[in-house]
Amino acid sequence: MARAIELAARGRYTTPPNPCVGCVIVQSGEVVGEGWHQRAGEDHAEINALKSAGSAAGGATAYVTLEPCSHHGRTPPCSQALIKAGVARVVVAMEDPNPQVAGSGLNELREAGITVESGVLSGEAEALNPGFVKRMREGRPLVRSKLAMSLDGRTAMASGESVWITGSDARRDVHRMRAASCAIVTGVGTVLADDPSLNVRLEEDEYEGELRQPLRVVLDPRLSTPVDAKMLKLPGRTLIVTACDDEEQVELLNAAGADVLVLPAREDAIDLPELMRQLAALEINEVMLETGATLSGAMLQAGLIDEMVVYVAPHLMGNSARGLFHLPGLEQMDQRIDLKIDDIRAVGDDWRITARPTVN
């Protein structure tokens, strides 16, 4: 199963909106077939492993990181393929949280006389697909906030200048995080100030298969995004989310290459919980939040940030520089937002801290 998890991780940049899945087929103590899900719409891990094993799959044990699917989607059900191949035993790490499966795949295998075991390395398997699991269980994507700050907690000078706070190793690390995300969310203030690309730029040896560009999402309550914004000219899709129904401006942005989604306003701003529901409906598993202190603070106070990845650079930017979060209303010690730090490690000359709000 550990090998199946290792194989599954190879699809991290290419499988969304599908989960990463790996499969190993063992006959008489020897591995006879391996496979992983490489891209949405293509063969699933079990099918690739069965093709690798050929006739040796008969009477073998299949180790799969996620319950075999039992429904017809873009590909036929894997449960039936395992039954047809004549495997004797199937070991899965975890049941599929997708309501279309949710145990039915395992039941089909049992009804066909196949021995089924579940729960082997389930924690490691779930960690492969945190966004997919969250979308299936809670109806919203996982939100990971990427932040960069100086050692004194500043993200930009008072003038707004912020390029570059961290070093090149940290920036490459951010691109790997982008590549694993289904969508990158930012605010129109960031677009107006920095004109960012918000795309993935990796070397060819850093990924397998065709590089997938995540959906770029700009929160723009009043439709202020310039029609000549850099991101609108780049490969991939850009979604402008607004509370403004100015048809003329919508048409201009559409003509420039953007899609526009109009949502109801909540206190003169985008309805953030509704935005998350809409992104889930678009099969977005993982969101990377790359934005300034105001939107980051609003997302945090709305309980919509699941994980923070904070890059800390070894320099000081001074008292007048801008802070990490805009969090109005925190005045007493008992109002603090508690975090659990999961990981701290050096990335080049910088430090990367991975933390979770304890309330999520």
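A residue is taken as buried when its relative accessible area is under 20%, as exposed when that value is over 50%, and as partly exposed in between. By this criterion Arg-3, with a relative accessible area of 29%, is partly exposed in the predicted model described here, and Glu-6, at 47% relative accessibility, also counts as partly exposed. The side chains of Arg-3 and Glu-6 meet in a salt bridge, with a distance of 2.3 Å from N to O. Because the two residues are 3 residues apart in helix α1, Arg-3 and Glu-6 are separated by about one helical turn. An α-helix has 3.6 residues a turn, so residues three or four places apart point the same way.

The domain assignment divides the protein into domain 1, residues 1–137, and domain 2, residues 139–355. The contact between the two draws on 15 residues from domain 1 and 22 residues from domain 2, while the domain centres, taken over C-alpha atoms, are separated by 33 Å. The size of an interface is often given as the accessible area lost when the parts come together. For domain 1 and domain 2 the area buried between them is about 1,600 Å², of which 50% lies on carbon and sulfur atoms. Tyr-13, Lys-134 and Arg-135 supply 47% of the area that domain 1 buries against domain 2, more than any other three residues.

Polar interactions across this interface comprise 7 residue pairs in polar contact, both members at pLDDT 80 or more, and the search finds 1 salt bridge between domain 1 and domain 2. Lys-134 forms a salt bridge with Asp-306, and the closest N and O atoms of this pair are 3.3 Å apart. On the side of domain 1 that touches domain 2, helix α6, spanning residues 130–138, gives the most, with 6 residues.

Within the range assigned to domain 1, the unreviewed UniProt entry lists His-44, Cys-69 and Cys-78 under "binding site". These positions are spread over 35 residues of sequence, yet they cluster in space, the largest C-alpha distance being 9.2 Å. His-44 is found in the loop between β2 (30–36) and α2 (45–53), whereas Cys-69 is found in the loop between β3 (61–64) and α3 (78–85). Under the same exclusion, Cys-69 touches His-44, Glu-46, Pro-76, Pro-77, Cys-78, Ser-79 and Val-101. Cys-69 counts as buried because its relative accessibility is 8%.

Pro-16 and Pro-17 are joined by a cis peptide bond with an omega of about 10°, and Pro-17 lies in the loop between α1 (2–8) and β1 (22–27). The loop between α8 (188–194) and β9 (215–219) contains Asp-195, which has a positive phi of about 45° although it is not a glycine. Leu-198 is found in the loop between α8 and β9 and has a positive phi near 50°, again in a residue other than glycine. Asp-195 is partly exposed at 29% relative accessibility, whereas Leu-198 is buried, with a relative accessible area of 4%. Just after helix α11, Gly-303 takes a positive phi of about 75°; the buried residues of α11 itself, which spans residues 293–301, are Leu-295, Ser-296, Gly-297, Met-299 and Leu-300.

A search of the whole structure finds 21 salt bridges. One of these joins Glu-290 to Arg-178, with the closest N and O atoms 2.7 Å apart. This pair links distant parts of the chain, 112 residues apart, with Glu-290 in the loop between β14 (286–289) and α11 and Arg-178 in helix α7 (residues 168–179). Both Glu-290 and Arg-178 are buried. Arg-356 and Asp-342 also meet through their side chains in a salt bridge, at 2.7 Å from N to O. Arg-356 lies in strand β18 (residues 350–357) and Asp-342 in strand β17 (residues 339–347), so this pair ties together parts that are 14 residues apart in sequence. Arg-356 is partly exposed at 31% relative accessibility, and Asp-342 is partly exposed with a relative accessible area of 36%.

Note on methods
Residues numbered from 1 in each chain as written. Predicted model: local features only at pLDDT ≥ 70, side-chain atom pairs only at ≥ 80, totals over all residues. Heavy atoms only, no water. UniProt positions renumbered as here; feature names shortened; annotations may be inferred. Helix = DSSP H or I, 4+ residues; strand = E, 2+ residues; numbered from the N terminus. Buried < 20%, exposed > 50% of the residue type's maximum accessible area, 1.4 Å probe, protein only. Contact = heavy atoms within 4.5 Å. Domains from an automatic or database assignment. Buried area = accessible area lost by both parts, 1.4 Å probe. Salt bridge = Lys/Arg side-chain N within 4 Å of Asp/Glu carboxyl O. Polar contact = N/O pair within 3.5 Å; in protein donor to acceptor, adjacent residues only side chain to side chain.
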